[in-house]
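Colleague: I am new to this structure and would like to learn how to read it. Could we go through it together?

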Amino acid sequence: MQIEIAQFLTHLSQRRRLSPHTVEAYGLDLSQFQNFLEDREEDLDGVDRDTVRRFLSHLYDRGFEKRSIARKLASLRSFFVHLCQTERLVRNPALQVRPPKQEHILPVYLSEEEAAQVMETPSPNTLLGVRDRAILELFYSTGIRLRELAGVTVDALDLEGRLIRVLGKGAKERLVPIGGFAQIALKRYLERRPELLGGDKTNRLFLTRKGKPLSPSGIQGRVVRAIQKVTGRRLSPHVLRHTFATHLLDAGADLKAVKELLGHASLSTTQIY
């Protein structure tokens, strides 16, 4: 089964062009299923609908959340579809297995006052403070994802046209408008970015103090601390994405327009707001 998993992950990466992060998540899900089968001395050829159900029950007993279990079932379904297409399996044993019923959890978001305070947390008198202010403003102004923001390059910005080109899930590009406050913050940062760049020539927009591209985890740490200073809670950068969407809809924005800005594949994902 390990060979089949490796071939499937290569298919996801090279043919479907999914991000390394997404491919890694598929790999982890399928490795868990492989370990489940090996512990019970079962093999891929013997997998049926009941096997998949027992796996989901096993995950539930181990304390996995329903959302996580549903994602793992989706990973299995995609894997089995691939095996059927390559004639490794005759039928998909996961198709008739229903995912656990999801609880409707409303997204956490900041009030307008809290969002404004978060934007003000970085020092305007330091280079890293100017950088962090640009990061926060860009998050709140566009609602882009953490990895999308980390991957932004200098040439993806059109500050005069107030647009940014974002590479989203599935390597899909989209243009997202930038608000006035974000435009100002980014201009200030770009004026001082050469001080971080040093002798390197990276085109990545946000840099560390040593001139290297700022990683998603590095950005996350800065944003989490900024939000915690205002709210007293450790909330992920995704809260700013929720806040962006919620404030837009509160102001009367069209749901379909917000869907396009967020890069959602389905309108039902946007409807949670």
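Modeller: Gladly, and let us begin with a definition: buried means under 20% relative accessible area, exposed means over 50%, and partly exposed lies in between, using a 1.4 Å probe and protein chains only. Glu4 is buried, because its relative accessible area is 14%. A word on the source: this is a predicted model, where local features need pLDDT of at least 70, side-chain atom pairs count only at pLDDT 80 or more, and totals for chains, interfaces and linings use all residues. Residues are numbered from 1 along each chain as its sequence is written, and side-chain values use heavy atoms, with hydrogens and water left out.

Colleague: Where is Glu4, and which residues is Glu4 in contact with beyond its neighbours within four places in sequence?

Modeller: Helices (H or I, at least four residues) and strands (E, at least two) are DSSP runs numbered from the N terminus. Glu4 is in helix H1, residues 2-15. Contact means heavy atoms within 4.5 Å. With neighbours within four places set aside, Glu4 is in contact with Leu44, Phe79, Leu83 and Arg88. Leu44 is 40 residues from Glu4 in sequence, and their C-alpha atoms are 9.7 Å apart.

Colleague: How many helices and strands does the protein chain have?

Modeller: The protein chain has 12 helices and 3 strands. Of its 273 residues, 40% are buried, and its C-alpha atoms fill a box of roughly 65 × 45 × 30 Å along the principal axes.

Colleague: What is a nonpolar core, and how many residues does the largest one have?

Modeller: In soluble globular proteins, nonpolar side chains tend to be buried together. A nonpolar core is a set of buried Ala, Val, Leu, Ile, Met, Phe, Trp, Tyr and Cys residues joined through side-chain atoms within 4.5 Å. Here the largest nonpolar core has 45 residues, and Leu186, Phe206 and Ile219 have the most contacts inside it. Several elements each supply at least two residues of this core, including helix H6 (127-142), strand E2 (163-167) and helix H8 (180-197). H6 gives the most to this core, with 8 residues. Another core, of 25 residues, lies apart from it, with Leu59, Leu73, Phe79 and Phe80 among them.

Colleague: Why is H6 said to be largely enclosed by the rest of the structure?

Modeller: H6 is largely enclosed because 14 of its 16 residues are buried. You can check its length too: the expected span of a helix is 1.5 Å times one less than its number of residues. For the 16 residues of H6 that should be 22 Å, and its end C-alpha atoms are 23 Å apart, which agrees. Just after H6, Gly143 takes a positive phi of about 70°.

Colleague: Which residues other than glycine have a positive phi?

Modeller: Most residues other than glycine have a negative phi. Glu87, not a glycine, has a positive phi of about 65°. Glu87 sits in the loop between helix H4 (66-85) and H5, and is exposed, with a relative accessible area of 71%. Arg162 is another case, with a positive phi near 55°. Arg162 lies in the loop between strand E1 (157-158) and E2, and is partly exposed at 36% relative accessible area.

Colleague: And Gly263, where is its place?

Modeller: Gly263 is in the loop between H11 and helix H12 (267-270). Its relative accessibility is 32%, so Gly263 counts as partly exposed. Leaving out residues up to four places away in sequence, Gly263 touches Arg145 and Arg174.
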